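Open the model in your viewer and keep the selection tool at hand. The stops below go from the surface to the inside.

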Amino acid sequence: MTPRDLPSLTELLTGQSLRVALDAGAALMVLEGRVRVVSPPSWFGETVFTVKNDYREGEAYVAERGGWVEVEAQGPARIRGVPKPASHTALRPSPLARLLRLLLA
């Protein structure tokens, strides 16, 4: 996702899903409501898995690596895409995402 590809705001109704391709370091900020984000598929040994996390208003999903993510609204929600920051210190991944990165490295 590049800055020129980002919609300014996306509104989702309860149960609606959105699939979007993100570059590594890009983020999705939850402005209102709650969403579930399904990360791009990964391999662990011979098994493919995805990670599902819930994000609430004010939280952001930061893509550890590029790929397609699915965003599902748990209720009415508004999200905004945020391009990769110049410095990765601006938006940090969740502790669970960091743990998975360590396990898969």
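Select Leu 103, which sits in helix H1; helices (H or I, at least four residues) and strands (E, at least two) are DSSP runs, numbered from the N terminus. Leu 103 counts as exposed because its relative accessibility is 54%, where exposed means over 50% relative accessible area, buried under 20%, and partly exposed in between (1.4 Å probe, protein chains only). This is a predicted model, in which local features need pLDDT of at least 70 and side-chain atom pairs count only at pLDDT 80 or more, while totals for chains, interfaces and linings use all residues. Residues are numbered from 1 along each chain as its sequence is written, and side-chain values use heavy atoms, with hydrogens and water left out.

H1 is the main contributor to the patch, with 4 residues.

Now select Ser 39, Glu 64, Arg 65, Ala 97 and Leu 100. Of the 20 residues lining the largest pocket, these lie nearest its centre. A pocket is an open set of points on a 1 Å grid over the protein atoms alone, with protein on both sides within 12 Å along at least five of seven lines; a cavity is a set where a 1.4 Å probe fits but cannot get out, and lining residues have an atom within 4 Å of a point. The volume of the largest pocket is about 310 Å³. H1 gives the largest share of its lining, 4 residues.

Then go to the largest cavity, with about 40 Å³ of space. Select its lining: Leu 28, Val 30, Val 35, Val 37, Tyr 55, Tyr 61, Val 71 and Ile 79. Strands E3 (27–32) and E4 (34–38) each give two or more residues to this lining.

Finally, show the whole protein as a cartoon. How many helices and strands are there? The protein has 1 helix and 10 strands. Of its 105 residues, 31% are buried.

Technical notes. Points joined across faces, edges and corners; volume = space filled by probe spheres on them.
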